[in-house]
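Thanks for coming, everyone. I'll keep this brisk. Have a look at the structure first, then we'll walk through it.

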Amino acid sequence: MLTLASRLRALDDAALRRTIEIRAISAHGIRDFFDLAEALLNPAAVQAALSRLDRSTLAVLAITATEAPAEPTDPTGVPGASLGLDALTSRITELGGLPVTRADVAARAAVLDELMLALLSDDGLRVYAAVAEHLATWPDLGLPSALELASIPAPSALATVITTDSRFTDHLAAERAFAAVSSIAELVTELSREPVRELSRGGLGLPDTKRLSSVMGVELDAVATYVATAARAQLIAHSTGYWNETEAGEAWLLEGTAQRWAALAGSWQAALPADVRSILAHRPGVSWGEGLRSFVTWLYPAGGEWMDTRVTEFARDAELIGITAHQTTSPAGAAVLAEDLEGAIVTIGASLPAEVGAVYLQNDLSIVSPGPLAPSIDARLRGLADVESRELALSYRISATSVNRALAAGETAESLLHFLRTISLTGIPQPIEYLIRESAGRYGRIRVGEAAAPTALSRSYVRSEDDELLGTLAVDQTLGPLGFIRADAHRLTSRFTSDVVFWALNDAKYPVAAESADGEVLHLRRHQLARVLPPEAPNLALILVEKLRATDGGEDVAADAWLARQLDSAIKSKQTVVVSIAMPGGVVVDYLLEPASVGGGRFRARDRRADIERTLPLSSIISITPAP
């Protein structure tokens, strides 16, 4: 442990922080480098590190621990001899029956060295005694021995699927891809209109979940998975307690279906652990199934529930977005796994329903699409009309409220009518044209703005030349919470800001427009886009490193502290130890002592051979070993 403590102390701050982070060491109870070394070699911490290692890396560690030349273990806790990389490569090749390269063994040894499970030097690899002792207990825990790690061959991970089943899989995967893109598009659109609150304990409330389930056309239990999928692609983000649309999500809604799917598939592939990705990056038409689970169990023998959960989660999401269907890789999914996203777009695009660019406008103010609309057309139509049916052929309905919404977003009667003419297969029915022109004529009869000299009771105003309409606002009970006060014949004031007042009037279906101090019409956005920000959690590793540096007193102090730690341990366990003392003249004398106390740079102990009490300086101690 002293060697590991010294090694940790010699690291620069960046390397020390990385060690603490990759081993996930808690700062609790760690006061110095000896505590940190002890925490790294704790059996539970060692097992946690081993559970993240693949079989080949574990084999390098275990073979080194068991087959290094038999030499005495030194007092620092590192075996006295190492196993050279050439010898290690030959031994693993011999046990496994398959050639292993020295470069591969060296790379795995470097991983073990970085994890502080072993020490890599020019002489080869040395395993810390505590790690070797823990590995020796694996057979009793039902885990493979060193010999089994190196010699048991891998089971088959993936099974071939017959051609008939493969065609069915390809069709089903395309259906799922289209359904996932459509549902997530509805999710992003809905959050742009009305964000949902994240509960303090995590997850969404039942009312919000039901609303999203209805809009997306999915089961209640599936909503959380879709939210996680959209968040992974950064289409939505959690901000100030709410899930909102992001700038990336806003742009995503205007892309084609294949490009939308690629964003979901690409984020899935990017989040896939490299170890799992290497298992799955195979040709299309192979089945994952139980064979994959058996392979993962073989590859990560100590992974247990942790690795099984990872595979289950990513396999579930792969089914959701059409990477796979019935646990079989689709052609587009295989391209994603091979990191060929452009090829995946071409492949999935050939299987998706063709997009249309025209609709039927009807006298009953409805709009019917004969197929999935091009996203740019769909997005603009949603600003003008409300979606009534979300099947493959969408239907929309225009109303005075929806037209006002479009006008508030910056449209005009002429821009709306021109847009409809370019996409309509049936011209523009008179009722639709009349509704748009009449709504545009009424729009802006009520204006809302910020007060020039705001006070606690007058932060915004509402004005209109229509006194009767203004009077209606003043007595409208649904607007009572705004606390309108009559300022003059054409103006009301409110204690709320102008955006709050504007959206309240808009929701109440009044022809309201926001305006600047100069009277120019403003186009407000109801909900701000969320920004994807890294978590602002404190850097615990940095804090711990600063603490360790502050308590470090140099090499001599560190050596004395280690000796004092060993003596304290012997005192607590009432253990007799052999202490080698450097005497004047260079003579080394071994005392059989029972330590009694330590402090002030000296220690007091009972000499068991001479049966006298001795007080000796810590600085004269060469080594301390347990008595035989």
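In which helix is the place of Ala-251? Ala-251 sits in helix 13, residues 247–252. Is Ala-251 buried or exposed, or something in between? Its relative accessibility is 41%, so Ala-251 counts as partly exposed. Now look at Leu-235. Ala-251 and Leu-235 are 16 residues apart in sequence. In space, their C-alpha atoms are 8.9 Å apart.

Let's step back. One caution: this is a predicted model. The protein has 628 residues, and 46% of them count as buried. It holds 27 helices and 24 strands. Take the contacts between residues at least 6 apart in sequence: 61% of those join residues at least 24 apart.

Next, the cores. In soluble globular proteins, nonpolar side chains tend to be buried together. Here, the largest nonpolar core has 51 residues. Which members touch the most other members? They are Leu-8, Leu-36, Leu-50, Leu-61, Leu-88, Leu-117 and Val-131. Helix 5, residues 55–67, supplies the largest share of this core, with six residues. A separate core has 46 residues, including Ile-377, Leu-435, Leu-470 and Ala-514.

Stay with Val-131 for a moment. Set aside its neighbours within four places in sequence. What is Val-131 in contact with then? Leu-41, Val-46, Leu-61 and Leu-117.

Two packed helices are described by the angle between their axes and the distance between the axes. For helix 4, residues 43–50, and helix 8, residues 129–136, the axes come within 10 Å. They cross at roughly 75°. The cut-off for roughly perpendicular is 65 to 115 degrees, so helix 4 is roughly perpendicular to helix 8. Who meets whom? From helix 4 come Pro-43, Val-46, Gln-47 and Leu-50. From helix 8 come Val-131, His-134 and Leu-135. By class, this contact has five nonpolar residues, two polar ones and no charged ones.

On to the aromatics. The structure holds two aromatic pairs. Start with Trp-268 and Phe-314. Their ring centres are 6.5 Å apart and their planes are at 65°, so the pair is edge-to-face. What does this pair tie together? Trp-268 is in helix 14, residues 257–271, and Phe-314 is in helix 17, residues 304–321, so the pair links parts 46 residues apart in sequence. Trp-268 is buried, with a relative accessible area of 0%. Phe-314 has 9% relative accessibility and counts as buried.

The other pair is Phe-502 with Trp-503. It is edge-to-face too. The centres are 4.9 Å apart, with 80° between the planes. Both Phe-502 and Trp-503 are buried.

Last stop: helix 21, residues 400–408. Which of its residues are buried? Ser-402, Val-403, Asn-404, Ala-406, Leu-407 and Ala-408. What covers them? The cover includes helix 20 (375–384), helix 22 (413–423), helix 23 (430–442) and helix 25 (498–507). Strand 12 (386–389) and strand 13 (395–397) are also among the covering elements. After helix 21 comes Gly-410, and its phi is positive, near 115°.

That's the tour. Over to you for discussion.

Definitions and conventions: Residues are numbered from 1 along each chain as its sequence is written. This is a predicted model: local features need pLDDT of at least 70, side-chain atom pairs count only at pLDDT 80 or more; totals for chains, interfaces and linings use all residues. Side-chain values use heavy atoms; hydrogens and water are left out. A nonpolar core is a set of buried Ala, Val, Leu, Ile, Met, Phe, Trp, Tyr and Cys residues joined through side-chain atoms within 4.5 Å. Buried means under 20% relative accessible area, exposed over 50%, partly exposed in between (1.4 Å probe, protein chains only). Helices (H or I, at least four residues) and strands (E, at least two) are DSSP runs, numbered from the N terminus. Contact means heavy atoms within 4.5 Å. Axes are lines fitted to C-alpha atoms, for helices over the stretch in contact, and angles run from 0 to 180 degrees between N-to-C directions. Angles under 35 degrees count as roughly parallel, over 145 as roughly antiparallel, 65 to 115 as roughly perpendicular and the rest as oblique. Ala, Val, Leu, Ile, Met, Phe, Trp, Tyr, Cys and Pro count as nonpolar, Asp, Glu, Lys and Arg as charged, and the others, Gly among them, as polar. Rings of Phe, Tyr and Trp (its six-membered ring) pair if their centres lie within 6.5 Å; planes under 30 degrees apart count as stacked, over 60 as edge-to-face and the rest as tilted.
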